[in-house]
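Have a look at the sequence and the coordinates, then read on.

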Amino acid sequence: YASRYADTNPLSVNGVAVGSTTSSTSTDATVTGASTADGNGKLTFSFTRQSHHVHLSSLDIEAVPVKSVKMSFNDRGDKTLAVSSQYVYKSDGFTFTLTGWTHTRNYAKGFLRNQP
């Protein structure tokens, strides 16, 4: 949910390009698709910063057989983060490990990166 610095950045899942994400004031997904977890059962989402900011406010994951979880990352307020730190979220058997983010902002409803 971006009210400022809205723009478009490429996204890959497990090293495969899946399109671009565009931040906006909508909470609707900007990319949808199917991916297969790696041999360790992990999905790695990589956002390439080409605009001023990359925004991450939530992810919707559905496993096969059908198991769905929606994870919101809007719980930290306005904070500056260490790029090398990991931020771990757990929900309904899923673990989300976020790395490489520079800060969180309320206006983005989650994590941002504004460095190359």
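Which residue in S3 is the bridge partner of Ser12? In this predicted model, that partner is Ser46.

Before going further, a word on conventions: the model is predicted, local features need pLDDT of at least 70, side-chain atom pairs count only at pLDDT 80 or more, and totals for chains, interfaces and linings use all residues. Residues are numbered from 1 along each chain as its sequence is written, and side-chain values use heavy atoms, with hydrogens and water left out.

Strands pair if DSSP finds at least two bridges between them; S1 and S3 are joined by 3.

| Strand | Residues |
|---|---|
| S1 | 8-13 |

**Around Thr102.** Thr102 sits in the loop between strand S9 (94-99) and strand S10 (103-105). Why is Thr102 called buried? Because its relative accessibility is 5%, and buried means under 20% relative accessible area with a 1.4 Å probe, protein chains only. A polar atom of the Thr102 side chain lies 3.2 Å from the backbone nitrogen of Asn114. Leaving aside neighbours within four places in sequence, the contacts of Thr102 (heavy atoms within 4.5 Å) include Thr80, Leu81, Leu112 and Asn114.

How values were computed: Helices (H or I, at least four residues) and strands (E, at least two) are DSSP runs, numbered from the N terminus. Buried means under 20% relative accessible area, exposed over 50%, partly exposed in between (1.4 Å probe, protein chains only). A polar contact is a pair of N or O atoms within 3.5 Å; within protein, one must be able to donate a hydrogen and the other to accept it, and residues adjacent in sequence count only if both atoms are side-chain atoms.
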